[in-house]
Amino acid sequence: MTNQDLIDALRAADAVQFGEFELSHGGTSEYYVDKYLFETDPGCLELIAEAFAERLATDDKLGGVALGGVPLAAATSVAAGVPYVIARKQRKEYGTGNLIEGQLEEGEEVVVVEDIVTTGTSLVEAVEALREAGATVERALVVVDREEGGRENVEDAGVEMESLVTASELLESQ
């Protein structure tokens with residue numbers, strides 16, 4: 001898969017929208033990448049899962065950041081034949097109350113997958129939760145890097161971040 005293949009698929013799914021949008025961190029943007037549109041489109045999801053799978057070793061374990069990273073982790077898990085866990089943003093108040101769902105062994109290496117990184121806050125919080133649960137996290141795979149400081153924040157947390165596409169690439173091909 002080339003970057004252009006993914007960009008074309010994101011556009012075909014109408015996941016790249018233009019206008020004025022409020023972002024989760026409180027800022028505004030003239031464009032929006034709708035993760036729900038690309039994560040629920042089977043063609044996009046398949047391309048992303050295959051691209052992520054190519055970047056994994058057979059002994060890797062995935063960590064999906066709830067909510068957006070979960071379908072990516074599940075699809076990539078199937079494509080790569082590797083297991084995954086889910087990193088919640090907060091403990092649920094019922095059941096086990098776990099921050100990490102799924103089987104995770106002390107010291108296990110986890111590659112975190114995430115949909116879109118703007119500031120990197122959600123990704124860093126997931127990394128911290130996984131580390132607190134005993135995982136070793138040194139890598140993250142991201143669909144879109146909005147290039148708004150997230151990469152630097154993720155790398156400051158000791159995690160190498162690789163994105164499939166950047167905002168610059170998305171916008172230059174419009």
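At what angle do the axes of helix H1 and helix H3 cross? Roughly 155°, with the axes coming within 9 Å. This is a predicted model, where local features need pLDDT of at least 70 and side-chain atom pairs count only at pLDDT 80 or more, while totals for chains, interfaces and linings use all residues. Residues are numbered from 1 along each chain as its sequence is written, and side-chain values use heavy atoms, leaving out hydrogens and water.

**View 1. Helix H1 (residues 3-12) against helix H3 (residues 42-54).** With a crossing of roughly 155°, H1 ends up roughly antiparallel to H3 (angles over 145 degrees count as such). The crossing is left-handed (the near helix is turned anticlockwise from the far one by less than a right angle). H1 brings Asp5, Leu6, Ala9 and Leu10 to the contact, and H3 brings Cys44, Leu47 and Ile48 (contact means heavy atoms within 4.5 Å). By class, that's six nonpolar residues, one charged and no polar.

**View 2. Glu169 in helix H7.** Glu169 is partly exposed, at 26% relative accessible area (the class between buried, under 20%, and exposed, over 50%, with a 1.4 Å probe and protein chains only). Leaving aside residues up to four places away in sequence, Glu169 touches Asn3, Ile7 and Leu164. Phe18 is 151 residues from Glu169 in sequence and 15 Å away in space, C-alpha to C-alpha.

**View 3. Confidence in helix H7 and strand S7.** The chain's mean is 92, and 95% of its residues reach 70 or more.

Note on methods: Axes fitted to C-alpha atoms, helices over the stretch in contact; angles between N-to-C directions. Helix = DSSP H or I, 4+ residues; strand = E, 2+ residues; numbered from the N terminus. Parallel < 35°, antiparallel > 145°, perpendicular 65-115°, else oblique. Nonpolar A, V, L, I, M, F, W, Y, C, P; charged D, E, K, R; others polar. pLDDT = per-residue confidence, 0-100.
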